[in-house]
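Here are a few notes to read alongside the model. Please keep the structure open as you go.

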Amino acid sequence: MTLSVEIPDKLVPQLQQRARRAGKKPDDIVVEMVEKGLTTIVELEPITERQCVRAILNDAGFLSEVSPELMEAFVQPRSPEEREQMRQRLQQISLAPPLSETIIADRGPV
């Protein structure tokens with residue numbers, strides 16, 4: 001297949017230099033780079049939206065994993081009986097009005 005690609009002027013010297021060093025034509029270098037790029041994309045595992053958001057937040061420094069020490073100190077494992085008791089107590093709590101209505105009311109008139 002023939003495909004015309006416009007290469008920005010600032011990249012042409014780099015492409016020509018790479019081709020000279022490899023003893024190849026610039027066209028061959030472009031084909032190799034496209035093959036490598038497509039292979040890399042295909043090899044990546046698809047990620048969920050949640051994983052993507054977590055990666056972005058982590059890269060920006062807004063997310064960090066909880067250390068095992070903190071988990072042990074603050075997250076207590078609960079028995080099935082304790083979880084059932086908590087579930088029953090939470091069902092008895094009535095939020096009137098519902099939180100969503102309170103938020104909408106706090107926004108004021110639209």
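1. Which helix gives the largest share of the lining of the largest pocket? Helix α2, residues 26-43, does, with 7 residues. Keep in mind that this is a predicted model.

2. Look at that pocket first. The largest pocket has a volume of about 290 Å³. Its lining includes Leu 3, Val 5, Ile 7 and Leu 15. Pro 26, Asp 27, Val 30, Val 31, Val 34, Glu 35 and Leu 38 also line the largest pocket. By class, this lining has 9 nonpolar residues, 2 charged ones and no polar ones.

3. Now the second largest pocket. Its volume is about 210 Å³. Among the residues that line it are Pro 8, Leu 11, Gln 14, Arg 18, Ile 29 and Met 33. Two elements, α1 (12-22) and α2, each give two or more residues to this lining. The largest share, 4 residues, comes from α2. The classes here are 8 nonpolar, 1 polar and 1 charged.

4. Compare the two residue lists. Ile 7, Leu 15, Val 30 and Val 34 line the largest pocket, and Ile 7, Leu 15, Val 30 and Val 34 line the second largest pocket as well.

5. Step back to the whole chain. The protein chain has 6 helices and 0 strands. Its radius of gyration is 28 Å, well over the 13 Å that the globule rule gives for 110 residues, so the chain is more spread out than a compact globule. The C-alpha trace spans about 75 × 45 × 30 Å along its principal axes.

6. Finally, the surface. Buried residues make up 3% of the 110 residues. The chain exposes about 10,800 Å², and carbon and sulfur atoms supply 58% of that area.

Terms used: Residues numbered from 1 in each chain as written. Predicted model: local features only at pLDDT ≥ 70, side-chain atom pairs only at ≥ 80, totals over all residues. Heavy atoms only, no water. 1 Å grid on protein atoms, 1.4 Å probe; cavity = no way out; pocket = protein on both sides within 12 Å on 5 of 7 lines; lining within 4 Å. Points joined across faces, edges and corners; volume = space filled by probe spheres on them. Nonpolar A, V, L, I, M, F, W, Y, C, P; charged D, E, K, R; others polar. Rg over C-alpha atoms; globule rule 2.2 N^0.38 Å. Buried < 20%, exposed > 50% of the residue type's maximum accessible area, 1.4 Å probe, protein only. Areas by Shrake-Rupley, 256 points an atom, 1.4 Å probe, with all protein chains shown as cover.
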